[in-house]
Amino acid sequence: MLATQAMFAMGFIRAEKDKEPTVDLNMAKFNIDLLGVLEEKTKGNLSDDEQKMLTDTLGQLRMGYIKAAG
């Protein structure tokens with residue numbers, strides 16, 4: 001859910017088909033940072049698959065943020 005909200009805030013997901021996406025980089029950064037905190041707090045408590053999914057998702061979101069901010 002946090003990843004979806006971050007993608008929406010970066011404008012990668014549209015609310016309506018024919019409207020330009022709304023970009024809110026501050027909200028995107030907040031959601032990405034929150035996922036980063038969750039990654040730190042759950043270290044050692046996730047299965048290998050869960051950890052990989054979280055790490056991969058964060059990597060993709062961070063790269064997307066750089067693209068959206070640039």
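Q: Which residues of helix H1 (residues 2-9) are buried?
A: In this predicted model, the buried residues of H1 are Leu2, Ala3, Ala6 and Ala9.

Q: How do you know that the buried residues of H1 line one face of the helix?
A: Seen down the axis of H1, they fall within an arc of 125°, so they line one face. An α-helix has 3.6 residues a turn, so residues three or four places apart point the same way.

Q: What covers the buried residues of H1?
A: The cover includes H2 and helix H3 (48-69). Cover here rests on contact, that is, heavy atoms within 4.5 Å.

Q: What makes up the largest nonpolar core?
A: This core has 11 residues: Leu2, Ala3, Ala6, Ala9, Met10, Ala28, Ile32, Leu35, Leu54, Leu58 and Leu61. H1, H2 and H3 each supply at least two residues of the core, and H1 gives the most, with four.

Q: Which residues is Met10 in contact with, leaving aside its neighbours within four places in sequence?
A: Met10 is in contact with Val23, Leu25, Ala28, Ile32, Leu61, Gly64, Tyr65 and Ala68.

Q: Why is Val37 called partly exposed?
A: Buried means under 20% relative accessible area and exposed means over 50%. Val37 has 40% relative accessibility, so Val37 counts as partly exposed. Val37 lies in helix H2 (residues 25-41).

Definitions and conventions: Residues numbered from 1 in each chain as written. Predicted model: local features only at pLDDT ≥ 70, side-chain atom pairs only at ≥ 80, totals over all residues. Heavy atoms only, no water. Buried < 20%, exposed > 50% of the residue type's maximum accessible area, 1.4 Å probe, protein only. Arc of directions from axis to C-beta. Core = buried A, V, L, I, M, F, W, Y, C linked by side-chain atoms within 4.5 Å.
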